[in-house]
Amino acid sequence: MKDKELFKQILGLSHPWEVSKVDLDIANEEVEIEIIYKSKKGFCPECEVEYDIYDHREKRRWRHLDTCQMKTYIVCKVPRIKCKEHGVKTIKVPWAEKSSRTTLLFERFAIELLLASKNQSKTAQFLRISFDMLHHIMSKAVERGLSRRTEEDIKYIGIDEKSMKRGHTYVSVLSDSERRRVIDVSEGRTTSSASSLINKGLTEKQKEGLKAVSMDMWKAFIKAVQKELPNASIVHDKFHIMKYLNDGVDKTRREEARKLQKSNDKTLVKSKYLFLKNPENMTDKQLSRFRKIQELNLITSQAWAAKENFKEFFRSETINDAKFFFAEWYQDIKGRSLNKMIKVAKMLIAHSDGLLNYIRYQIDNSVAKWLNGKIQEIKTVGRGFRKFENFRIAILFFLGKLDLFPQESQ
Ligand SMILES: [Zn+2]
(Lines give C-alpha, C1' and ligand atoms only; values in the text may rest on other atoms or scores of the structure.)
Protein backbone atom coordinates (compact mmCIF):
# COMPACT_ATOMS: atom_id res chain seq x y z
CA MET A 1 0.00 0.00 0.00
CA LYS A 2 2.76 2.39 0.96
CA ASP A 3 4.54 2.20 -2.40
CA LYS A 4 1.34 3.22 -4.21
CA GLU A 5 0.96 6.31 -2.07
CA LEU A 6 4.66 7.10 -2.50
CA PHE A 7 4.49 6.91 -6.30
CA LYS A 8 1.28 8.93 -6.30
CA GLN A 9 3.18 11.68 -4.50
CA ILE A 10 6.30 11.40 -6.64
CA LEU A 11 4.22 11.63 -9.78
CA GLY A 12 2.22 14.51 -8.35
CA LEU A 13 -1.07 12.76 -9.05
CA SER A 14 -4.32 13.98 -7.59
CA HIS A 15 -7.87 12.68 -7.62
CA PRO A 16 -9.28 11.05 -9.71
CA TRP A 17 -5.91 9.63 -10.82
CA GLU A 18 -4.71 6.86 -8.49
CA VAL A 19 -1.82 4.42 -8.48
CA SER A 20 -3.49 1.00 -8.51
CA LYS A 21 -0.46 -1.26 -8.70
CA VAL A 22 3.33 -1.15 -8.55
CA ASP A 23 5.06 -4.08 -10.23
CA LEU A 24 8.69 -4.75 -9.61
CA ASP A 25 10.42 -6.90 -12.21
CA ILE A 26 13.79 -7.50 -10.61
CA ALA A 27 15.06 -9.80 -13.37
CA ASN A 28 14.53 -7.17 -16.04
CA GLU A 29 15.26 -4.27 -13.69
CA GLU A 30 11.95 -2.64 -14.41
CA VAL A 31 9.25 -0.96 -12.38
CA GLU A 32 5.75 -0.64 -13.73
CA ILE A 33 3.35 1.81 -12.11
CA GLU A 34 -0.26 1.24 -13.05
CA ILE A 35 -2.55 4.23 -12.88
CA ILE A 36 -6.34 4.22 -12.94
CA TYR A 37 -8.88 6.98 -13.36
CA LYS A 38 -11.44 6.83 -10.56
CA SER A 39 -14.25 8.94 -11.90
CA LYS A 40 -17.19 8.44 -14.19
CA LYS A 41 -16.71 11.84 -15.78
CA GLY A 42 -13.97 13.41 -17.87
CA PHE A 43 -13.26 16.51 -19.95
CA CYS A 44 -13.02 16.82 -23.72
CA PRO A 45 -9.37 17.73 -24.50
CA GLU A 46 -10.52 20.14 -27.21
CA CYS A 47 -13.32 22.15 -25.59
CA GLU A 48 -12.98 21.27 -21.87
CA VAL A 49 -16.67 20.32 -21.65
CA GLU A 50 -17.37 17.54 -19.14
CA TYR A 51 -18.86 14.24 -20.33
CA ASP A 52 -19.46 10.74 -19.03
CA ILE A 53 -16.61 8.33 -19.63
CA TYR A 54 -17.37 6.56 -22.90
CA ASP A 55 -14.77 3.75 -22.89
CA HIS A 56 -11.07 3.10 -22.24
CA ARG A 57 -8.16 2.88 -24.62
CA GLU A 58 -5.81 -0.06 -24.82
CA LYS A 59 -3.14 -0.15 -22.13
CA ARG A 60 -0.30 2.27 -22.92
CA ARG A 61 3.18 2.68 -21.49
CA TRP A 62 5.18 5.85 -20.85
CA ARG A 63 8.83 5.79 -19.94
CA HIS A 64 9.43 7.66 -16.69
CA LEU A 65 12.53 8.64 -14.70
CA ASP A 66 14.37 5.64 -13.30
CA THR A 67 13.64 4.37 -9.80
CA CYS A 68 16.82 3.14 -8.11
CA GLN A 69 18.41 2.64 -11.54
CA MET A 70 15.48 0.53 -12.69
CA LYS A 71 13.69 1.53 -15.86
CA THR A 72 10.34 2.85 -14.76
CA TYR A 73 7.14 2.88 -16.77
CA ILE A 74 3.70 4.28 -16.19
CA VAL A 75 0.91 2.16 -17.62
CA CYS A 76 -2.69 3.21 -17.97
CA LYS A 77 -5.85 2.50 -19.89
CA VAL A 78 -6.77 6.10 -20.51
CA PRO A 79 -10.52 6.85 -20.59
CA ARG A 80 -12.23 8.40 -23.57
CA ILE A 81 -15.27 10.65 -23.70
CA LYS A 82 -17.66 11.27 -26.55
CA CYS A 83 -17.93 14.98 -27.19
CA LYS A 84 -20.93 16.31 -29.09
CA GLU A 85 -18.68 18.54 -31.13
CA HIS A 86 -15.37 16.67 -31.31
CA GLY A 87 -16.42 13.03 -31.23
CA VAL A 88 -14.64 10.29 -29.27
CA LYS A 89 -11.52 11.74 -27.63
CA THR A 90 -8.92 10.49 -25.17
CA ILE A 91 -8.84 12.67 -22.07
CA LYS A 92 -5.64 14.49 -21.09
CA VAL A 93 -3.28 12.77 -18.67
CA PRO A 94 -1.35 14.88 -16.17
CA TRP A 95 2.00 13.10 -16.62
CA ALA A 96 2.54 13.37 -20.36
CA GLU A 97 1.75 15.41 -23.43
CA LYS A 98 -0.53 14.12 -26.14
CA SER A 99 0.92 11.28 -28.24
CA SER A 100 4.09 11.16 -26.16
CA ARG A 101 5.85 7.94 -25.27
CA THR A 102 7.62 9.46 -22.27
CA THR A 103 6.46 11.39 -19.22
CA LEU A 104 6.95 15.14 -18.91
CA LEU A 105 9.59 14.70 -16.23
CA PHE A 106 11.49 12.22 -18.37
CA GLU A 107 11.41 14.64 -21.29
CA ARG A 108 12.66 17.49 -19.14
CA PHE A 109 15.52 15.36 -17.94
CA ALA A 110 16.40 14.22 -21.46
CA ILE A 111 16.41 17.83 -22.72
CA GLU A 112 18.61 18.97 -19.83
CA LEU A 113 21.01 16.11 -20.44
CA LEU A 114 21.20 16.87 -24.16
CA LEU A 115 21.88 20.55 -23.57
CA ALA A 116 24.64 19.69 -21.12
CA SER A 117 26.29 16.90 -23.12
CA LYS A 118 25.48 18.16 -26.64
CA ASN A 119 25.74 14.52 -27.60
CA GLN A 120 22.74 12.59 -28.83
CA SER A 121 24.15 9.08 -28.86
CA LYS A 122 25.65 9.43 -25.38
CA THR A 123 22.39 10.83 -24.02
CA ALA A 124 20.37 7.98 -25.56
CA GLN A 125 22.81 5.50 -24.11
CA PHE A 126 22.70 7.07 -20.67
CA LEU A 127 18.90 7.16 -20.63
CA ARG A 128 18.72 3.64 -22.07
CA ILE A 129 16.37 4.66 -24.85
CA SER A 130 16.64 4.26 -28.60
CA PHE A 131 18.03 7.00 -30.82
CA ASP A 132 14.56 7.23 -32.40
CA MET A 133 12.91 7.88 -29.08
CA LEU A 134 15.42 10.59 -28.25
CA HIS A 135 14.91 12.12 -31.67
CA HIS A 136 11.17 12.12 -31.01
CA ILE A 137 11.73 14.03 -27.75
CA MET A 138 13.98 16.51 -29.57
CA SER A 139 11.48 17.02 -32.41
CA LYS A 140 8.70 17.70 -29.95
CA ALA A 141 10.90 20.11 -28.00
CA VAL A 142 11.78 22.01 -31.18
CA GLU A 143 8.14 22.13 -32.30
CA ARG A 144 7.18 23.43 -28.88
CA GLY A 145 9.92 26.04 -28.99
CA LEU A 146 9.05 27.22 -32.50
CA SER A 147 5.38 27.62 -31.56
CA ARG A 148 6.39 29.71 -28.53
CA ARG A 149 8.46 32.17 -30.55
CA THR A 150 7.11 35.70 -30.61
CA GLU A 151 7.17 38.11 -33.52
CA GLU A 152 10.28 40.12 -32.59
CA ASP A 153 11.72 42.82 -34.82
CA ILE A 154 14.56 41.34 -36.79
CA LYS A 155 16.95 43.75 -38.50
CA TYR A 156 19.76 41.57 -39.81
CA ILE A 157 19.65 38.00 -40.96
CA GLY A 158 22.16 35.68 -42.54
CA ILE A 159 21.58 32.95 -45.05
CA ASP A 160 24.16 30.22 -45.46
CA GLU A 161 24.60 26.91 -47.16
CA LYS A 162 26.05 24.05 -45.16
CA SER A 163 26.90 20.56 -46.27
CA MET A 164 25.09 17.81 -44.41
CA LYS A 165 27.82 15.22 -44.90
CA ARG A 166 30.71 14.65 -47.27
CA GLY A 167 29.53 14.96 -50.83
CA HIS A 168 26.95 17.26 -52.18
CA THR A 169 23.99 17.27 -49.85
CA TYR A 170 23.36 20.82 -48.76
CA VAL A 171 20.98 22.62 -46.46
CA SER A 172 20.17 26.33 -46.24
CA VAL A 173 20.32 27.96 -42.83
CA LEU A 174 18.54 31.19 -41.93
CA SER A 175 19.92 32.98 -38.87
CA ASP A 176 19.13 36.04 -36.78
CA SER A 177 22.41 37.96 -36.60
CA GLU A 178 21.58 40.10 -33.57
CA ARG A 179 20.23 37.33 -31.37
CA ARG A 180 22.76 34.78 -32.57
CA ARG A 181 20.27 32.06 -33.25
CA VAL A 182 19.11 29.90 -36.12
CA ILE A 183 15.65 30.81 -37.37
CA ASP A 184 15.13 27.69 -39.48
CA VAL A 185 16.75 25.26 -41.90
CA SER A 186 15.59 23.98 -45.30
CA GLU A 187 16.74 21.19 -47.57
CA GLY A 188 18.90 22.07 -50.58
CA ARG A 189 20.48 25.38 -51.55
CA THR A 190 18.39 26.37 -54.54
CA THR A 191 16.46 29.60 -55.03
CA SER A 192 13.23 27.84 -54.13
CA SER A 193 14.63 26.28 -50.95
CA ALA A 194 15.92 29.70 -49.85
CA SER A 195 12.59 31.33 -50.76
CA SER A 196 10.55 28.83 -48.79
CA LEU A 197 12.97 29.16 -45.88
CA ILE A 198 12.52 32.94 -45.78
CA ASN A 199 8.74 32.64 -45.95
CA LYS A 200 8.57 29.91 -43.35
CA GLY A 201 10.95 31.59 -40.93
CA LEU A 202 9.74 35.17 -41.08
CA THR A 203 6.31 36.76 -40.83
CA GLU A 204 5.24 39.42 -43.33
CA LYS A 205 5.83 42.09 -40.70
CA GLN A 206 9.32 40.78 -39.95
CA LYS A 207 10.12 40.69 -43.65
CA GLU A 208 9.11 44.32 -44.02
CA GLY A 209 11.23 45.45 -41.07
CA LEU A 210 14.37 43.72 -42.28
CA LYS A 211 17.36 45.91 -43.17
CA ALA A 212 20.02 43.58 -44.51
CA VAL A 213 20.83 39.97 -45.31
CA SER A 214 24.41 38.76 -45.14
CA MET A 215 25.53 35.88 -47.32
CA ASP A 216 28.16 34.65 -49.73
CA MET A 217 27.93 35.28 -53.47
CA TRP A 218 25.84 32.21 -54.22
CA LYS A 219 23.50 33.19 -57.06
CA ALA A 220 20.51 31.16 -55.90
CA PHE A 221 20.44 32.95 -52.53
CA ILE A 222 20.86 36.38 -54.10
CA LYS A 223 17.90 35.66 -56.39
CA ALA A 224 15.74 34.43 -53.51
CA VAL A 225 16.48 37.51 -51.39
CA GLN A 226 15.84 39.89 -54.28
CA LYS A 227 12.50 38.21 -54.84
CA GLU A 228 11.29 37.69 -51.25
CA LEU A 229 12.92 40.65 -49.51
CA PRO A 230 13.05 43.45 -52.09
CA ASN A 231 13.56 46.13 -49.42
CA ALA A 232 16.51 44.48 -47.70
CA SER A 233 20.12 45.11 -48.72
CA ILE A 234 22.38 42.24 -49.62
CA VAL A 235 25.64 42.18 -47.67
CA HIS A 236 28.65 40.06 -48.52
CA ASP A 237 30.36 39.90 -45.16
CA LYS A 238 33.98 39.48 -44.21
CA PHE A 239 33.64 35.84 -43.21
CA HIS A 240 32.34 34.83 -46.63
CA ILE A 241 34.65 37.09 -48.65
CA MET A 242 37.70 35.73 -46.85
CA LYS A 243 36.58 32.24 -47.80
CA TYR A 244 36.71 33.17 -51.49
CA LEU A 245 40.12 34.77 -51.06
CA ASN A 246 41.45 31.75 -49.18
CA ASP A 247 40.17 29.62 -52.00
CA GLY A 248 42.07 31.82 -54.47
CA VAL A 249 45.26 31.33 -52.46
CA ASP A 250 44.77 27.58 -52.41
CA LYS A 251 44.19 27.39 -56.15
CA THR A 252 47.35 29.43 -56.71
CA ARG A 253 49.25 27.10 -54.42
CA ARG A 254 48.02 23.97 -56.17
CA GLU A 255 48.99 25.31 -59.57
CA GLU A 256 52.43 26.36 -58.40
CA ALA A 257 53.02 23.13 -56.47
CA ARG A 258 52.38 21.15 -59.65
CA LYS A 259 54.80 23.31 -61.61
CA LEU A 260 57.52 22.98 -58.99
CA GLN A 261 57.07 19.24 -58.73
CA LYS A 262 57.79 18.86 -62.42
CA SER A 263 61.34 19.97 -61.66
CA ASN A 264 61.32 17.79 -58.55
CA ASP A 265 60.91 20.74 -56.18
CA LYS A 266 58.79 19.62 -53.21
CA THR A 267 58.62 23.02 -51.49
CA LEU A 268 54.84 23.24 -51.66
CA VAL A 269 53.97 19.58 -51.18
CA LYS A 270 51.42 19.15 -48.37
CA SER A 271 51.38 22.86 -47.62
CA LYS A 272 47.63 23.48 -47.96
CA TYR A 273 46.92 24.21 -44.30
CA LEU A 274 50.08 26.24 -43.95
CA PHE A 275 48.51 28.86 -46.17
CA LEU A 276 45.03 28.60 -44.66
CA LYS A 277 46.11 28.77 -41.06
CA ASN A 278 46.63 31.99 -39.20
CA PRO A 279 50.40 32.20 -38.44
CA GLU A 280 49.46 32.97 -34.81
CA ASN A 281 47.95 29.51 -34.53
CA MET A 282 50.86 27.61 -36.07
CA THR A 283 53.14 25.26 -34.21
CA ASP A 284 56.85 26.21 -34.12
CA LYS A 285 57.58 23.63 -36.78
CA GLN A 286 54.84 24.92 -39.07
CA LEU A 287 55.89 28.51 -38.54
CA SER A 288 59.51 27.84 -39.40
CA ARG A 289 58.53 26.00 -42.59
CA PHE A 290 56.11 28.80 -43.47
CA ARG A 291 58.82 31.44 -43.00
CA LYS A 292 61.28 29.51 -45.14
CA ILE A 293 58.72 29.31 -47.94
CA GLN A 294 57.98 33.03 -47.56
CA GLU A 295 61.65 33.87 -48.18
CA LEU A 296 61.43 32.27 -51.63
CA ASN A 297 58.83 34.85 -52.68
CA LEU A 298 56.77 32.29 -54.57
CA ILE A 299 53.57 33.27 -56.39
CA THR A 300 51.67 31.48 -53.62
CA SER A 301 53.22 33.68 -50.95
CA GLN A 302 52.31 36.76 -52.95
CA ALA A 303 48.73 35.56 -53.26
CA TRP A 304 48.71 34.87 -49.53
CA ALA A 305 49.98 38.40 -48.83
CA ALA A 306 47.31 39.85 -51.13
CA LYS A 307 44.66 37.94 -49.19
CA GLU A 308 46.06 39.19 -45.88
CA ASN A 309 46.19 42.76 -47.19
CA PHE A 310 42.56 42.60 -48.13
CA LYS A 311 41.59 42.47 -44.44
CA GLU A 312 42.35 46.19 -44.43
CA PHE A 313 39.34 46.67 -46.70
CA PHE A 314 36.99 45.65 -43.90
CA ARG A 315 38.46 48.27 -41.60
CA SER A 316 37.50 51.08 -43.99
CA GLU A 317 35.56 53.78 -42.21
CA THR A 318 33.77 55.17 -45.23
CA ILE A 319 32.52 53.81 -48.53
CA ASN A 320 35.03 56.04 -50.32
CA ASP A 321 37.93 54.69 -48.29
CA ALA A 322 36.79 51.19 -49.16
CA LYS A 323 36.53 51.95 -52.88
CA PHE A 324 39.94 53.59 -52.86
CA PHE A 325 41.52 50.67 -51.05
CA PHE A 326 39.96 48.16 -53.42
CA ALA A 327 41.22 49.98 -56.53
CA GLU A 328 44.79 50.02 -55.21
CA TRP A 329 44.67 46.43 -54.09
CA TYR A 330 43.35 45.34 -57.48
CA GLN A 331 46.10 47.25 -59.32
CA ASP A 332 48.67 45.51 -57.15
CA ILE A 333 47.49 41.95 -57.87
CA LYS A 334 47.11 42.74 -61.57
CA GLY A 335 50.67 44.06 -61.64
CA ARG A 336 51.87 40.76 -60.17
CA SER A 337 49.76 38.62 -62.52
CA LEU A 338 48.18 36.71 -59.65
CA ASN A 339 45.67 35.08 -61.98
CA LYS A 340 43.61 33.11 -59.46
CA MET A 341 43.35 36.15 -57.20
CA ILE A 342 42.38 38.35 -60.14
CA LYS A 343 39.57 35.92 -60.83
CA VAL A 344 38.31 36.30 -57.26
CA ALA A 345 38.72 40.08 -57.51
CA LYS A 346 36.59 40.17 -60.65
CA MET A 347 33.86 38.32 -58.81
CA LEU A 348 34.11 40.83 -55.97
CA ILE A 349 33.81 43.68 -58.45
CA ALA A 350 30.68 42.09 -59.92
CA HIS A 351 29.24 42.03 -56.38
CA SER A 352 30.62 45.37 -55.24
CA ASP A 353 27.27 46.64 -53.92
CA GLY A 354 27.06 43.79 -51.46
CA LEU A 355 30.71 44.19 -50.58
CA LEU A 356 30.35 47.91 -49.84
CA ASN A 357 27.17 47.23 -47.87
CA TYR A 358 29.36 45.47 -45.34
CA ILE A 359 31.07 48.79 -44.65
CA ARG A 360 27.72 50.58 -44.71
CA TYR A 361 25.97 48.32 -42.17
CA GLN A 362 28.97 47.25 -40.09
CA ILE A 363 27.29 43.89 -39.51
CA ASP A 364 28.78 41.75 -36.78
CA ASN A 365 30.88 39.31 -38.77
CA SER A 366 31.46 36.98 -35.83
CA VAL A 367 27.93 35.57 -36.16
CA ALA A 368 28.67 33.82 -39.45
CA LYS A 369 31.86 32.41 -37.95
CA TRP A 370 30.05 31.30 -34.80
CA LEU A 371 27.32 29.60 -36.81
CA ASN A 372 29.82 27.84 -39.02
CA GLY A 373 31.75 26.51 -36.03
CA LYS A 374 28.67 25.39 -34.13
CA ILE A 375 27.14 23.55 -37.07
CA GLN A 376 30.48 21.86 -37.65
CA GLU A 377 30.43 20.76 -34.01
CA ILE A 378 26.93 19.29 -34.38
CA LYS A 379 28.05 17.43 -37.49
CA THR A 380 31.17 16.07 -35.82
CA VAL A 381 29.34 14.84 -32.72
CA GLY A 382 26.50 13.44 -34.85
CA ARG A 383 29.09 11.81 -37.17
CA GLY A 384 27.37 13.28 -40.21
CA PHE A 385 23.64 13.24 -40.78
CA ARG A 386 21.95 11.05 -43.30
CA LYS A 387 18.44 12.38 -42.88
CA PHE A 388 17.70 16.05 -43.43
CA GLU A 389 15.03 16.15 -40.73
CA ASN A 390 17.46 14.87 -38.07
CA PHE A 391 20.00 17.51 -39.05
CA ARG A 392 17.39 20.29 -38.97
CA ILE A 393 16.09 19.24 -35.55
CA ALA A 394 19.61 19.06 -34.11
CA ILE A 395 20.50 22.53 -35.44
CA LEU A 396 17.30 24.09 -34.11
CA PHE A 397 17.54 22.22 -30.80
CA PHE A 398 21.07 23.44 -30.07
CA LEU A 399 21.23 26.75 -31.96
CA GLY A 400 17.63 27.96 -32.14
CA LYS A 401 17.61 29.57 -28.67
CA LEU A 402 14.21 27.99 -28.21
CA ASP A 403 12.17 27.47 -25.07
CA LEU A 404 12.34 23.68 -25.33
CA PHE A 405 10.95 22.45 -22.04
CA PRO A 406 7.46 21.02 -21.59
CA GLN A 407 5.22 22.64 -19.01
CA GLU A 408 5.36 20.90 -15.66
CA SER A 409 2.51 18.53 -14.97
CA GLN A 410 -0.37 20.31 -13.29
ZN1 LIG B 1 -15.15 18.80 -27.32
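**Pocket lining and helix packing**

Analyst: In this predicted model, the lining of the largest pocket comprises 10 nonpolar, 10 polar and 20 charged residues. The pocket holds about 1500 Å³ of space.

User: Which residues lie nearest the centre of the largest pocket, and how many line it?

Analyst: The lining is made up of 40 residues, and K243, N246, D247, L276 and N372 are the ones nearest the centre. By class, Asp, Glu, Lys and Arg count as charged, so K243 and D247 belong to the charged group.

User: What makes helix 8 stand out in the lining of the largest pocket?

Analyst: Helix 8 contributes the most, with 11 residues. Elements that each supply at least two residues include strand 9 (156-163), helix 8 (238-262) and helix 15 (366-381). By domain, at least three residues come from each of domain 2 (99-237 + 382-410) and domain 3 (239-361).

User: Why are helix 2 and helix 4 called roughly perpendicular?

Analyst: The axes of helix 2 (residues 104-117) and helix 4 (residues 131-148) cross at roughly 90 degrees and come within 10 Å. Angles of 65 to 115 degrees count as roughly perpendicular, and the two helices are therefore described in that way.

User: Which residues make the contact between these helices?

Analyst: Helix 2 contributes F106, E107, A110, I111 and L114, while helix 4 contributes L134, I137, M138, K140, A141 and R144. This contact contains 8 nonpolar, no polar and 3 charged residues.

Definitions and conventions
Residues numbered from 1 in each chain as written. Predicted model: local features only at pLDDT ≥ 70, side-chain atom pairs only at ≥ 80, totals over all residues. Heavy atoms only, no water. Axes fitted to C-alpha atoms, helices over the stretch in contact; angles between N-to-C directions. Helix = DSSP H or I, 4+ residues; strand = E, 2+ residues; numbered from the N terminus. Parallel < 35°, antiparallel > 145°, perpendicular 65-115°, else oblique. Contact = heavy atoms within 4.5 Å. 1 Å grid on protein atoms, 1.4 Å probe; cavity = no way out; pocket = protein on both sides within 12 Å on 5 of 7 lines; lining within 4 Å. Points joined across faces, edges and corners; volume = space filled by probe spheres on them. Domains from an automatic or database assignment.
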